[in-house]
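Have the structure open as you read.

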Amino acid sequence: MKRAVVIACALLVVGCRPAEHPRATLRASVLTVARAVKEVDVLCADSARATKRADVAEACADAYRTARESLLAAEAALDTWDASAQRDVVCAGAKGSRALLAMVRAAKGAGASLPPAVVDGAALAETLVGLAERTCP
Amino acid sequence: MSGIETAITLVGLAVKLAPALERIVRAGVAADPNNPLAARVAAVLPPVSESERAANDLKR
């Protein structure tokens, strides 16, 4: 039993070293941002309907299209994962992240309160955007 | 059947069933929408957003 606990703890520690697994870390980040986009999209739609604000819905719909295209591109680059693809992942992920942050601003502006998954996704998005500032043109 | 024979039979069964059990577990994991290893962006984000539907409804 003790040995099993020690092995489980060791696996956890190994699994929590993202620098050694950049592709897995980036893939999880892209998916986290995608899930946040999905959640905030529903929030936007509900808030726009409740307040009858087509401008909010349109702003979110535009940002959603950008986020979706960028995150699909980031995922394709993740699947390739050669030297140039690694930079593409960060740049496309950051573009999708900026779109998520735009959706978050629109939803908050329409009075929506953000669930934890969106808050976490937005925090991760800000990190990706910061990373891209040093990496992307 | 003695205890030892029962244990040997059970171990033999477990060995025979292991590949099938592994396939079942893998299929379950792959089908789990919360599993980050199985999910794809296209599965999370459909082409048409809820916001777009809302915008279209509000413009009518």
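Helices here are DSSP runs of H or I with at least four residues, strands are runs of E with at least two, and both are numbered from the N terminus. On that basis chain B reads α-α-α from its N terminus on, which comes to 3 helices and 0 strands.

A bit of housekeeping. This is a predicted model, with local features needing pLDDT of at least 70 and side-chain atom pairs counted only at pLDDT 80 or more, while totals for chains, interfaces and linings use all residues. Residues are numbered from 1 along each chain as its sequence is written, chains are lettered from A and ligands numbered from 1 in the order in which they are written, and side-chain values use heavy atoms, with hydrogens and water left out.

Of the 60 residues in chain B, 15% are buried (buried is under 20% relative accessible area, exposed is over 50%, and partly exposed is in between, with a 1.4 Å probe and protein chains only). The chain exposes about 4,500 Å², and carbon and sulfur atoms supply 67% of that; the area comes from the Shrake-Rupley method with a 1.4 Å probe, and for residues only the protein chains shown count as cover.

Take a look at Ser49(B), which sits in the loop between α2 (41-44) and α3 (50-59) of chain B. Ser49(B) is buried, at a relative accessible area of 1%. Its side chain reaches the backbone nitrogen of Glu52(B) at 3.0 Å. Leaving out residues up to four places away in sequence, Ser49(B) touches Asp41(A), Ala61(A) and Tyr64(A), where contact means heavy atoms within 4.5 Å.

**The cores**

Which residues have the most contacts inside the largest nonpolar core? They are Val37(A), Val40(A), Leu71(A), Leu100(A), Met103(A) and Leu45(B), in a core of 38 residues. A nonpolar core is a set of buried Ala, Val, Leu, Ile, Met, Phe, Trp, Tyr and Cys residues joined through side-chain atoms within 4.5 Å. At least two residues of this core come from each of α2 (22-51), α3, α4 (83-109) and α5 (116-135) of chain A, and likewise from α2 of chain B. As for Leu45(B), its contacts beyond four places in sequence are Ala34(A), Val37(A), Lys38(A), Tyr64(A), Arg68(A) and Leu71(A). Another core, of 7 residues, lies apart from the 38-residue one; among its members are Ala45(A), Ala57(A), Ala110(A) and Ala55(B).

**Salt bridges**

Side chains of opposite charge can pair when their charged atoms come close. A salt bridge needs a side-chain nitrogen of Lys or Arg within 4 Å of a carboxyl oxygen of Asp or Glu, and the whole structure has 10 of them over all chains.

| Pair | Distance |
|---|---|
| Arg53(A) and Asp55(A) | 3.1 Å |
| Asp62(A) and Arg65(A) | 2.4 Å |
| Glu50(B) and Arg53(B) | 2.8 Å |

Asp62(A) and Arg65(A) are 3 residues apart in helix α3 (residues 54-80) of chain A, about one turn of the helix. Asp62(A) is partly exposed at 43%, and Arg65(A) is partly exposed at 34%. Over in chain B, Glu50(B) and Arg53(B) are also 3 residues apart, about one turn, in helix α3. Glu50(B) is partly exposed at 30%, and Arg53(B) is partly exposed at 39%. Salt bridges with shared partners also join Arg27(A), Glu75(A), Asp79(A) and Arg40(B) into one network.

Notes
Polar contact = N/O pair within 3.5 Å; in protein donor to acceptor, adjacent residues only side chain to side chain.
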